[in-house]
Amino acid sequence: MIVGIVKEPEEESRVAMLPEAVKTLKSWNVEVMVETGAGKKAFADDALYQESGAEIVDRSTLLQKVDIVCGIQALSIAEIRSMGPKSVLMGQFNALYNPELTHFLIHESRTAFSMELVPRTTRAQSMDVLSSMATVVGYKAVLMAANLLPRFFPMFMTAAGTITPSRVLILGAGVAGLQAIATAKRLGATVFAFDVRQAAKEEVMSLGAKFVEVEGATDDKSAGGYAVEQNEDFIHRQKEAIHEQATKADVVITTAQIPGKKAPLLIEERTVLAMKPGAVVIDLAASSGGNCALTQADQTVSINGVSIVGVGNLAAQLPQDASKMYGKNYLNFLKLIIKEGQMNLNFEDDIVSGTCVCHEGKPVNSRITQMIN
Ligand code: NAD
């Protein structure tokens, strides 16, 4: 069988798998085709893929010949149509929020897997692209803030006086938030963090940050470790606590998300207007509505001297390691569906069925089935 690695669209600099992943696939008796220039922006040129045993081909040859098309961003509808009728499409299509594409895949009797659907279970951790990319994003968000901030992060005691450390506030202590805490601590900042899940408190404190307490959060243990929507009373108290903390902060990094819902609004306009001039807000929830009232997706705006960055695809700004992690997640998943060099789709396996959008046109993931009906 043949696995194909496609080149991503212009705005994406990651690649689904680096040459090191090709070597592993070859050791499983799998042939690999790579689209010309696929890894260029991740600093893996065609020659490196060839040395690892891949054949370099043009896009249309790849789409027609391979058994599994591996990418990150979605292909166009015309390109999916040009794939071999039995070939499998893999990527990160946000299938639950992209009904047009999902309906098309079903209508065309396709088999497709979407990596953001990988169940968030212990066994699936090594395939979890959401966690890998959140790690990249949390790290990079802090560096972005440090670049924009007109102050140092660490404390300095110099002959030219003492510089106090910057104060960083992280809202949402999931995978990205925890990585942002760790990175800001490494740079010497004083870090405060807030989350509605009680479980996050211990993790925040273990990284040396201070946890901002707001009593009375709804923490639904049945939500699989995710946050749930909060009641009005809590939202009001939370906004007051965040207002107090944000107006003392030099940097605020927001990461709060609720799966399937608009991101919660945590920073109101009045809070931004009361922040210190020169302060920086990095809003990692910009693509799902933003945690800050003044965020504009994919833009940096300046209000009263406060910079607000509506972050888009930040993982693409660290293409080499982001692609390395993505590729490792991909390989761990492919190991489940390739046996002895042949495709082996076992839908009894909850990771295989959970990640599958549709198999020969039939919806497989239960949330996709619900979305369709
Ligand atoms: P996420 O991206 O969905 O959300 C980011 C954070 O925002 C979460 O910590 C959430 O609690 C927080 N949040 C939501 N609403 C908020 C509000 N109003 N105020 C403040 N914070 C708010 O989350 P994530 O990073 O994907 O991880 C969520 C959980 O899933 C964590 O417990 C994580 O440990 C767990 N997880 C488990 C696995 C696994 O077992 N394989 C993998 C990844 C994540």
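This is a predicted model: local features need pLDDT of at least 70, side-chain atom pairs count only at pLDDT 80 or more; totals for chains, interfaces and linings use all residues.

Colleague: Which residues of helix 9 are the buried ones, and what puts them on the same side?
Modeller: The buried residues are Q238, I242 and A246, and because they cover an arc of only 60 degrees around the axis, they fall on the same side of helix 9. An α-helix has 3.6 residues a turn, so residues three or four places apart point the same way. On the other side of helix 9, the exposed residues are D233, H236, E240 and E244.

Colleague: How does the span of helix 9 compare with what is expected?
Modeller: Helix 9 has 15 residues and reaches 21 Å from its first C-alpha to its last, which is close to the 21 Å expected at 1.5 Å a residue.

Colleague: Why is N346 called exposed?
Modeller: The label requires 12 or fewer other C-beta atoms within 10 Å, and N346 counts as exposed because it has 11 such neighbours. N346 is found in the loop between strand 17 (342-343) and helix 12 (350-355), and its C-alpha is 42 Å from that of I282, at a separation of 64 residues in sequence.

Colleague: What places I282 among the most connected members of the largest nonpolar core?
Modeller: That core has 112 residues, and I282 is one of those touching the most other members, together with A141, I170, I181 and I253. Helix 6 (residues 129-148) gives the core its largest share, ten residues. Leaving aside residues up to four places away in sequence, I282 touches A141, M144, A145, I253, V309 and V311.

Colleague: What makes strand 3 and strand 19 the edges of the sheet?
Modeller: Eight strands form an open sheet with mixed pairing, in the order 3-2-1-4-5-6-18-19. Strand 3 (55-57) and strand 19 (362-363) each have a single partner strand, so one side of each is left without a neighbour in the sheet.

Colleague: How do you know that strand 18 and strand 19 pair?
Modeller: Pairing requires at least two bridges, and strand 18 (residues 356-359) and strand 19 have two, in the antiparallel sense. H359 has K362 in strand 19 as its bridge partner. Helix 5 (residues 99-107) packs on the sheet, touching strand 6 (111-114), strand 18 and strand 19, and its direction makes about 25 degrees with that of strand 18.

Notes
Residues are numbered from 1 along each chain as its sequence is written. A nonpolar core is a set of buried Ala, Val, Leu, Ile, Met, Phe, Trp, Tyr and Cys residues joined through C-beta atoms within 7 Å. A residue is buried if 20 or more other C-beta atoms lie within 10 Å of its own, exposed if 12 or fewer, and partly exposed in between; C-beta atoms are placed from the backbone. Helices (H or I, at least four residues) and strands (E, at least two) are DSSP runs, numbered from the N terminus. Two residues are in contact if their C-beta atoms, placed from the backbone, lie within 7 Å. Axes are lines fitted to C-alpha atoms, for helices over the stretch in contact, and angles run from 0 to 180 degrees between N-to-C directions. The expected span of a helix is 1.5 Å times one less than its number of residues. The arc is that of the directions from the helix axis to the C-beta atoms.
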